[in-house]
Amino acid sequence: MSMIKYGLIVFLSWVGPSHAGDALSPMLGKPLSKATIQQRNFTVFPNGQGLPVGQGSVSAGKQVYTSFCLSCHGFEGSGDSAEELAGALHRLTDNPPDKTIGTYWPYATTLFDFIRRSMPMDSPGSLSTQEIYDVTAYLLFLNNIIDHNKIIDHHSLAKIKMPNANGFINQYKNNN
Amino acid sequence: MKFKQIAGGLIDRRYFLKKSLIFSVAASIPAYLTAQTPLELERTEWMSEPGLGFSNYGQPSPFEKKTIRWTMANSHAPGNGVSWTPLQDLEGIITPSGLHFERHHNGVPQIDPTAHRLMIHGLVNNPVEFSIENLLQYPKTSQICFIECGGNSNAGWHTNPIQTPVGNFHGMVSCSEWTGIPLKLLLNEAQLQPQAQWLIAEGGDASLMNVSLPIDKATSDCFVALYQNGERIRPENGYPLRLIVPGWEGVLNVKWLQRIHIANQPTMSRNETAKYTELLPSGKAQQFSFIMAAKSIITNPSFGHQLNRFGLYQISGLAWSGRGKITRVEVSADQGQTWLDAELQTPVLPLCFTRFRIPWQWQGQAVVLCSRATDETGYIQPTRTELVAQRGRHGYFHYNAIVNWAISAQGKISHVYD
C-alpha cells in the first residue's frame, strides 16, 4: 500500500482474510508499568509461576472451609449444591465416574488459582492469601493427596503430584 | 399427486421446482362474493385509530412474549447458570442479541466502559493497555459467526432421550454479526516475543474467568468485539469487550475481556482441566479439543410443535461447523435409511449458522425426521450410536450427534435415539 495525498491510503494489493490483522494501527496503547502488571496479574501456572509467597495448613484450612465453603460444597467436600470436591466413590472408568479434585484435577496450582480468582461466589476476593493456602491444603487432605500435618507453600504446591496428572490427552497438540 | 417423493414424504426440491407443483386446495366460492347487497369495506381496530408513537428502542410484539430464553441457574448462586436460545421459535441465521445464549460463572458484571481496560502483557516487548475509547478508534472488521458452548446438547449423553423443546436441549449456540479489532493488530502493538505460544484471556466478571488459547489461532482469525449485530455488545454478552474465537468452544470467547497474558504454556485453569475436557471410557480425558465439530438440527418441526393438518410442510433447521463452511445437509424421514439433500439458504458462510430447508408431505404417517451435516473438510455429522461408541457417555462436552424427531400418527413430536 502507499500513502497518497490528503492522507488516504490505497491498498494496492489485498491478500488473505479480511481480518488477518494486517491493517494499519493507530497505535493508541499506553505502556504498562511493572507495578500495574503485578497488581492485576492473577495468572498462576502449573509450574508454580505466579503463586504469591505464603503457606497454609490443613487444620487452619478446615476452619476456612467450614466458614466459607461448607454451605455450598457440603461436609468434607461433597453432597451439597455445588461441585463435588472430594469423597469420590467411583473411579473415572466407572459408570458413572466421580470427577473430584482427587480423581480428576491434574494440577494442585489450579486449586489455588481458582479459589483465589472465583471463590467464595458470594464474595470473591475476600479470602487472604493465607486462607487460600490453608483451604487448598485442606482440600488436598480431603482427597488423600497430603497428610493432615503437611504444610504447603508457594514452592511445594507445584511439586505435588496429583493422582490424575497424566490423565489428559492434548487434542490440540495431537492435531497440529 | 404425481411428484417424486422418497420414504416418509420428503420431496426432492429440484423436481419440485421443475414441475412447480401446486398442492391443490378444494376451491369453493366464498359467500360474500355471491351476496346480493354490497358489503362495507373492512377495517380492523388498528386500521381505525392512530398507532403508537415512536420509541427509542424497539421491542418485540407483545404477542411474542413466549419467544424467550429459558434460564436455569444454581439456586445457591443465581449468577451461575445458563440461558438457552429458543431455536424452535427462530428463523434465518441471525440470533437476536437479546436471545443469544448465556453462560455465566458468577453473574453479569455491570461494567462502566470508561473504567475498563484491556491489558496485554507477559512474553511481549511492549506491555500495553487500551481504553475502550481508544479501541473504538481502531480499524474494525465484522464476521457473522456462531458461538457454541462446549457443553451444548449435553443431554444427548443421557440414557433416555430428553423430551424438551430444541432450544432447551441445543440452545447453547447462537449466531451474531460481531464487529471488532483483529487481535493480531493489538498483539503486534505489544510485540510478541519468539517464545510466545499461548495466550491466556481473562474476563472482568466476579469469577475472573480465564482460559488459554494457542497463539496460532489468536493471530489468525480472532478479534476483540465491541459490537454485536450492529450495536454495542449487551452486558450479558461481554460488554464492553469480548474475545471472538471463530468456530471454537464458547468458553474461549471470553466476555468482559480485560487481560491477555502471553505465555509459553497454558495456565491450566479450572475451565480447561476440571471442566471443558471430555472423559473417555478409558479413563483418560481429551483436553484442548477447541473446535466445535459439524452439527445440524431440525428446528421446525421439532419437539413441542404439533402437526394439526395433513399436507405440505417445510422442514427447516440449522447447521454449522467450526471447521469451515457447511457443504451439505441431508434430511431423512425414515431415521437415516434414505436421505435427500436439503436446500442451503445463501449466503453459506464459514463458521456460521447455515439455514437448510426441504419440503415434506405429511399424510398422517408415523415417521422419524433427522438431518445430517457435512462440512468442507468432508467431516460428516455422526449418529449418536457412532458418537457413543467413540467417546462413551461421560464426556459431557462436544456432543454433536444426529438428532431424531419421531412424529406420531397424531402429529405429536418426540425425541428418539437411533
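Reader: Which residues of helix α2 of chain A are buried?

Author: In α2 (residues 58-68) of chain A, the buried residues are V58(A), G61(A), V64(A), Y65(A) and F68(A). Buried here takes 20 or more other C-beta atoms within 10 Å of the residue's own, with 12 or fewer counting as exposed, anything in between as partly exposed, and C-beta atoms placed from the backbone. Helices are DSSP runs of H or I with at least four residues, strands are E runs of at least two, and both are numbered from the N terminus.

Reader: And where do they sit around the axis of α2(A)?

Author: They fall within an arc of 110° seen down the axis, so they line one face of α2(A). The arc is taken over the directions from the helix axis to the C-beta atoms.

Reader: What do they pack against?

Author: Within chain A, the buried residues of α2(A) pack against β4 (55-57), α3 (70-73) and α5 (129-142). A contact means two C-beta atoms, placed from the backbone, within 7 Å.

Reader: Before I get carried away, what sort of model is this?

Author: A predicted one: local features need pLDDT of at least 70, side-chain atom pairs count only at pLDDT 80 or more, and totals for chains, interfaces and linings use all residues. Residues are numbered from 1 along each chain as its sequence is written, while chains are lettered from A and ligands numbered from 1 in the order in which they are written.

Reader: OK, zooming out. How many helices and strands in chain A?

Author: Chain A has six helices and six strands. Of its 176 residues, 38% are buried.

Reader: Switching to the sheet, what's the strand order?

Author: The order is β3(A)-β5(B)-β4(B)-β13(B)-β8(B)-β9(B), six strands in an open sheet with mixed pairing. Strands pair if DSSP finds at least two bridges between them. β3 (30-31) of chain A and β9 (210-214) of chain B are at the edges with a single partner strand each, so one side of each lacks a neighbour in the sheet.

Reader: How does β3(A) pair with β5(B), parallel or antiparallel?

Author: Antiparallel, over two bridges. P31(A) has V128(B) as its bridge partner in β5(B).

Reader: And β4(B) with β13(B), parallel or antiparallel?

Author: Those pair in the parallel sense over four bridges. M119(B) is opposite R259(B) there.

Reader: How many residues does each chain bring to the contact?

Author: Chain B brings 56 residues and chain A 48. On the chain B side, α4(B) gives the most, with five residues.
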